[in-house]
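Here are a few notes to read alongside the structure. Have it open as you go, and take the points in order.

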Amino acid sequence: MKKQIPYKIYLSEKELPKKWLNLRAFMDKKPAPLLNPETLKPITEEELSKVFCTELARQEIDDTTPYIDIPEEIRNFYKMYRPAPLIRAYCLEKALGTPAKIYYKFEGNNTSGSHKLNSAIAQAYYAKKQGLKGVTTETGAGQWGTALSMACSYFGLECNVYMVKCSYEQKPFRREVMRTYGASVTPSPSETTAVGRKILEEFPGTTGSLGCAISEAVEAASKNPEYRYVLGSVLNQVLLHQSVIGLETKTALDKYKIKADIIIGCAGGGSNLGGLIAPFMVEKIKGKADYQIIAVEPASCPTLTRGKYAYDYCDTGKVCPIAKMYTLGNGYIPSSTHAGGLRYHGMTTTLSELYDQGLMEARSVEQTEVFSAAEQFARVEGILPAPESSHAIRVAIDEAMKCKETGEAKTIVFGLTGTGYFDMYAYKKFNDGEMSDYIPTEEDINKGLKSLPDIKA
């Protein structure tokens, strides 16, 4: 007899993953290597270790080890909020009148309110193990900065956060959570670094971007030998740590013999999406299943849908390694949309290569449509979603409505990366009818692409 599917599928503590899944190890065609910005040659572990913790540098360039053990200290921390539930959106299905079955993996059941804690605790652990005094980082919407401040507090590390200026101003309470956990928070771009001053001179009055904040955090870390830089998205090491999301999702579905048809995730730098799809993409690569995998990005920062697959600097200040990725150009400054965590000019190398191979698709959506979906979801499912996650909700609803038209009972799975309780300024703008959409012109896109370095593939 088939098991009755509950509203929430919980896994036991014993089912918590013991290993991270390294998606790159399963790819026939690997992502192009990161390049040293000075020599333009593939960067080495030793060179990366000057910026990142040694073990994280090793994970960053490892594209052959299929599974990497999760240290016991990290697993013990995970047990405080993992395994995370996989929830059947019965109420949303009923409201839509769709035959589709909708599931979402909810990553907001921790104080940081998002999936970011999965990698933050790992990176803080390796920094502590290396004997460092502290770390520097950037944050967009503030979820990563919050998660890292929590992780650093747990291990007794100092934490310096450069927060994208528009989010710093829009989300003061997110900033205060970071400070509560002992972090120092600086709006970026700032006058505290040479690269920040340079960006302010070139773009006076700018609201900042993740690329700007990354540059400042890297510069700050490079000036202190007792510090290293850590990053909440984009990097291969982050996708590795976030694979716990997909591994748990796959285990939960298999437990009830559920086969997903469509898997959807929001896409900024790629950490949530890459983590969610990891085990499903492995099956697709091996030819064991043919999932429809959809990356959803903001129309104001259309990296995959309108960007170029090329080598580019990962940061606006051009101090980080150069990566081959889908990009709008390191000089592209996104508009100050409310999904601060998706305002990044590039996409992780792993997802860029998978997209280029046609193994996943991408869609861009406008923010008013995103918030419309967010409120529709909140009113029936009882969770106020983060603006970033709501991009995935928008497309999940769109796909469910297609099923209503065709009568197909497809199974849709999406990632609900976090909660939106610190995003009420954005919800207020939407409810007051003051929110607008911004779609960059071809001139805007081309201007950003002109900043690409002249490097042959």
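1. Strands E6 and E7 run parallel and are joined by six bridges; two strands count as paired if DSSP finds at least two bridges between them. Helices (H or I, at least four residues) and strands (E, at least two) are DSSP runs, numbered from the N terminus. Please keep in mind that this is a predicted model, where local features need pLDDT of at least 70, side-chain atom pairs count only at pLDDT 80 or more, and totals for chains, interfaces and linings use all residues. Residues are numbered from 1 along each chain as its sequence is written, and side-chain values use heavy atoms, with hydrogens and water left out.

2. Together, E6, H6 and E7 form a right-handed β-α-β unit. Right-handed here means that, with the strands pointing away from the viewer, the path from the first strand over the helix to the second runs clockwise.

3. E6 also pairs with strand E9 (residues 227–229), again in the parallel sense, over three bridges. There, Gly134 has Tyr227 as its bridge partner.

4. How many of the six residues of E6 are buried? Six of the six are, so the strand is largely enclosed by the rest of the structure. Buried means under 20% relative accessible area and exposed over 50%, with partly exposed in between (1.4 Å probe, protein chains only). In a regular strand, side chains alternate between the two faces of the sheet. In E6, Gly134, Thr136 and Glu138 lie on one side, and Val135, Thr137 and Thr139 on the other.

5. Now turn to helix H8 (residues 172–180), whose buried residues are Arg174, Arg175, Val177 and Met178. Seen down the axis, they fall within an arc of 155 degrees, so they line one face of the helix; the arc is that of the directions from the helix axis to the C-beta atoms. Phe173 and Thr180, on the other side of H8, are exposed. The buried residues pack against strand E6, helix H6, strand E7, helix H7 and strand E8, where contact means heavy atoms within 4.5 Å.

6. Finally, the cysteines: a search of the whole structure finds zero disulfides, a disulfide being a pair of cysteine sulfur atoms within 2.5 Å. Cys152 counts as buried, at 1% relative accessibility.
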